[in-house]
Amino acid sequence: MKFRCRMVDVVAMRDFTNIVNIISRLTRQCTLRLSPNVLCFSVGDNRVSMIWAELNPQHFFVEYVLNGVTEEQNEIYLQFEASMLARSMSSLRMTAKSVKIKLTNKRQPCLSLEIELPSLSIESRQCLHDVPVRVIPRREWPEYQAPNIPEFDISVDMPQLKYVRSIVERMKNMSPQITISADKLGMFVLKIDTDNATVSTHFQDLQVWSCSQNEHDDKISATIDIKKFFMFMAWDVVHPESVKCNILQDRMVNLYIQLADYLKIQYFIPSIAT
């Protein structure tokens, strides 16, 4: 097996660092699936997908070399502590000139980072980090495949995350749960119930992409953990042009971000029985 890549573009390094930082805040253990055409970060909770992020290597790397387990199964699956990779990449914020990432074996498998930093002297400074990883054997690969996406009851554009964030930040101090609703007319509602009051915020005329409602249906909704929903707001750092909210009645909320052709993020929040 062999893997190495190299980044030199400032924007690419910033975007990659932001993605890793967000994932490190959401989970301890993370899985990285490497293949020739896509690089996937995944996070699961009791083998149920929570995050699935697909990155296009051509956007991020000027060099991307992968030799997988076999020619037929040209992939590598790695598991590691997301916070360790995030800390190692913090040097990229110091106007790094480039970074090389490669799979090495230093008493144990590691993702080794060689970060080139600017210097006042002629020669650049180099910062080295090793992140221990577990190479996932092929027999376990089925556990780390892309999640099955169900046919949702409604798919609607969300308001800008910065507006939703400010509302949910106040709501989460009042209730541990939030009900998210949408209808075929583009109404999007955030609602909490407390012992003393019901608080809701309504957004109108949002783009509806699909809807299974008939003429007599009311809003489609699901009640979810408000902290998990609030954690999703951290993705605002990648400046998404739009976010789709997909709802499966009383079962799940799926939040979807796509940036051009280089980043796709699926975020799954199961509903809470009420």
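Which side chain does Lys 97 meet in a salt bridge? The partner is Glu 116, with N and O 3.8 Å apart. This pair links distant parts of the chain. Lys 97 sits in the loop between helix H3 (82-88) and strand S7 (98-105). Glu 116 belongs to strand S8 (residues 109-117), and the two residues are 19 apart. Lys 97 is partly exposed, at 41% relative accessibility. Glu 116 is partly exposed too, at 26%. The model is a predicted one.

Side chains of opposite charge can pair when their charged atoms come close. The structure holds eight salt bridges. Take Arg 14 and Asp 15, whose side chains meet with N and O 3.1 Å apart. Arg 14 is partly exposed, with a relative accessible area of 43%. Asp 15 counts as buried because its relative accessibility is 11%, under the 20% cut-off. Now take Arg 134 and Glu 140. Their closest N and O atoms are 2.6 Å apart. Arg 134 is partly exposed at 32%, whereas Glu 140 counts as buried at 16%.

The largest nonpolar core has 81 residues. Which of them have the most contacts inside it? They are Phe 16, Phe 41, Met 158, Phe 188, Leu 190, Phe 229 and Trp 235. Helix H1 (residues 10-26) gives the most to this core, contributing eight residues.

Neighbours within four places in sequence are set aside here. Trp 235 is then in contact with Ile 19, Ile 22, Ile 23 and Leu 26, among others. Its contacts also include Ile 51, Leu 161, Pro 240, Ile 257, Ile 265 and Tyr 267.

Terms used:
Residues numbered from 1 in each chain as written. Predicted model: local features only at pLDDT ≥ 70, side-chain atom pairs only at ≥ 80, totals over all residues. Heavy atoms only, no water. Salt bridge = Lys/Arg side-chain N within 4 Å of Asp/Glu carboxyl O. Buried < 20%, exposed > 50% of the residue type's maximum accessible area, 1.4 Å probe, protein only. Helix = DSSP H or I, 4+ residues; strand = E, 2+ residues; numbered from the N terminus. Core = buried A, V, L, I, M, F, W, Y, C linked by side-chain atoms within 4.5 Å. Contact = heavy atoms within 4.5 Å.
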